[in-house]
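The following report describes selected features of one protein chain. Please examine the sequence and the structure before reading on.

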Amino acid sequence: MSDALERAERRRARERAARHEAEAISERATRELYEQHERLRLLRTVARAANEAASVEDALSTALAATCEHWSWQLGHAWLCADDGALVSTGLWVGRERFDAFQRATEQLRLAAGEGLPGRVLAARGAVWLRDFSRVTELPRNQAAMVEGLHTALGFPVLVGSEVVGVLEFLTERVVEPDEGLIDLMAQVGTELGRVVERQRAADRLVHQATHDALTGLPNRVLISDQLARALSRMRRDPAGCTAVFFIDLDGFKAVNDTLGHASGDRILREVAARLQQVVRPHDTLGRLSGDEFILVCEALAGEQPLAEIGERILAVLHEPFVLNSEPFQLGASVGVTLAAAEKEPAELIAEADAAMYRAKQLGRGRCETYSEELGARLRRRSELERALRSAPDNGELRLHYQPEVELRSGRIAGVEALLRWERDGATVMPGEFIPLAEETGLIVPIGAWVLDEALRQARAWERDATIAQAPWTSVNLSVRQLADPEIMTRVADALARHETDPSKLLLEVTESVILDDVEAGLTVLTGLTQLGAGIAIDDFGTGYASLSYLRRFPASAVKIDRSFIATLEDSRTLAIVTAMIELGHALGLIAIAEGIETAEQLAVLQALGCDLGQGYYFARPAPADEIAALLREDEQLAPLVLGTAPAQTG
Amino acid sequence: MTRPITQAVAMKGIVFNLLEEIVVREHGDDTWDALLDAAGVDGVYTSLGNYPDADLMALVGAASQALALPADDIVRWYGRNALPLLAERYPAFFAPHSDARAFVLTLNEIIHPEVRKLYPGALTPAFAFDASQPGRLVMDYRSERRLCAFAEGLLLGAGDHFGQQVEIAQSECMHRGDERCLIEIGFSS
């Protein structure tokens, strides 16, 4: 071959080689561009799913499918961390149809850090690439992988910050060498998915906060009602079992809160929650309604029989002493229970259990009562009464009657006691029938305010009445609840100012019990009231529990001797007590007023003992203001009449 | 020089490049030039371009005439010789496998997707496999190009690559009026 020809052939070969190289470079660039494009597409798909997915599961599913498609891996699966940190299958797969055995082997697993491929990812907080899964015999799913012909596996974490919250794994029948580009890309996918988990967690936290009690972590009213509604609808579908609602209220909890402080109260409530948790069965719902009220919903009970048993268990665990600051003390609880009827509403059932609990309190606390129709009827009457009472002041249904307090020496009417009447539907309701309810519901505060206002208005009217020679003072009863009202001082001062009533014409009657709960606070309020110019009378004197040492500090100007003593004056022991009370009162500079004088004999005895004033049917029944005004005008004739009918003093 | 080629009838440039490489290696540059002249094609092919199917048919026709061999034999010979070149260029497709049968089974799922990465828009044939018998495969091939002989050549080449005997029979063939080609393959162990 000639040199020229050889050179030409070499040149041609060179050119061909150069062309091949150019093509190879171009192919590499094309391939890289393609792969980059595909990676971006995958990331975009996952990012969009992360932004738009309604749930973590949706986002995971999208990521699994997109990744499997992108890398042509045959199997993809997602794990999520359970509350205890272990990885459990989400049941979300791509390609599981072909790998049945591997799926079964996977879904029964619960993997801690370091266990299996996912556990290794969890421990490493980063991707783990197993070139040949089927050869790593210590892996829990090694056998299944072998059977299914799965070889290379990649696991990578779903990360929230540096916390692994889940693991995605991909497997293929091929043997694939580790690919850093793929691992980098999947790290980004894991971060995107982490955002969804984080968002879901924030949403879950909000839901949890809205449905749970922050102090005890128990379901709150919202969730209890929801659970109860579900239980009722299950009952409607399958009426086999019974559902019961327990209402649990601690006995004496308020005292703990008041005397030991709220922090101690909170500790007790947490302890109560923990103890009740021990009593309940796994599927029961225990919740806290408010304060010291807990609810327990028990489903699938075999009739009524277990109710008492559960009630007893609740009472027993709460009867055990509590320990605060190494001091043991006892609380106990009152429990009400109702058996749910499917057609009822959750709120209705809670109200029934509440009513039964209230009954348990009334019957002496520390017991469990079951709701009955009769109890329900009583409850309805009571709530109806409460509703009517609430609107009574505005409807103008309240009236004041007055009963004279008469000077026993002169027969003159020195004062009148304002007594509340409720004119309801044309009939008069006596205080005994509605004052306890008013006390319980707190309605006593607005009603008491009305009484004070009306009494002072009337007092002022009598003061201005020229036909009345000497206007009487007016006695107004103040209950414990009213005295505990922080507004009481202003209420009294305002009412006095509004009617320009002489404060010395106001005698506030309080029982000894007003200072039993909190001596200092009670005395402070009473002292404040006397500084306004009003007098204080100790009502029902001798029936309460006040000690004489309190009496020393009680800023009273009068004692009212309870009618029970007057009614039995013929008894020598009673006589001795009444004598002592009058003498004690006088010794302390107090006026003695006897209540419930009904006979001339009683009057004579009290006159002989030096009792200052008396009140009772013997003188006058409680009557409307205009009738009292007539008595006040006749005052001078009334007095001799009274004295004239009294038998001569003996002695 | 740029010919408007639609994808549907286009052949990837690499097909021409491989053919050129084999012909030059086996028969010299002059033979390739003579083939180009006889086929009436200009011979400007790069692996990244698309060229008319007709060009390949013309080259095969010219070779068939020059060698007095059936066109299918030319195509089969080409396929068998192209495979080692492909193995040289794309070793990653071959490395994971220890036998020809396993390699062939990855065509649809791995090789063709990879080919599409390199040559966006490439129309790769889809094969259906019956892999129910060990050591055997039945390949269902349907293509307008009717290049079953090329497939046979590649299969034989795969056997050469993995050091196996490959026996091929076509029970159905589009060239014989069937609607598909059914290529029955036996692999020696």
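Which residue just after H13(A) takes a positive phi? The answer is A:Gly442, with a phi of about 85°. The model discussed here is a predicted one.

## Helix H13

Helix H13 of chain A spans residues 431–441, and its buried residues include A:Phe434, A:Ile435 and A:Ala438. Because these residues cover an arc of only 110° around the axis, they lie on the same side of H13(A). The face turned away from that buried side carries A:Gly432, A:Glu433 and A:Pro436, which are exposed.

In soluble globular proteins, nonpolar side chains tend to be buried together. The largest nonpolar core here has 73 residues, and those touching the most other members are A:Leu508, A:Val559, A:Ile561, A:Ala592 and A:Ile593. Helix H14 (residues 444–464) of chain A contributes the most to this core, with 8 residues. A second, separate core has 53 residues, including A:Val56 and A:Leu154.

## An open sheet

Five strands of chain A form an open sheet with mixed pairing, in the order E8-E9-E7-E12-E13. Strands E8 (285–290) and E13 (368–370) of chain A stand at the edges with a single partner strand each, so one side of each has no neighbour in the sheet.

Strand E12 (residues 333–339) of chain A runs parallel to E13(A), and 3 bridges join them. A:Gly336 has A:Glu369 as its bridge partner in E13(A). Helix H11 (residues 346–362) of chain A packs on the sheet, touching E7, E9, E12 and E13 of chain A.

Notes:
Residues numbered from 1 in each chain as written. Chains lettered and ligands numbered in written order. Predicted model: local features only at pLDDT ≥ 70, side-chain atom pairs only at ≥ 80, totals over all residues. Core = buried A, V, L, I, M, F, W, Y, C linked by C-beta atoms within 7 Å. Buried ≥ 20, exposed ≤ 12 C-beta atoms within 10 Å, placed from the backbone. Helix = DSSP H or I, 4+ residues; strand = E, 2+ residues; numbered from the N terminus. Arc of directions from axis to C-beta. Pairing = 2+ DSSP bridges. Contact = placed C-beta atoms within 7 Å. Axes fitted to C-alpha atoms, helices over the stretch in contact; angles between N-to-C directions.
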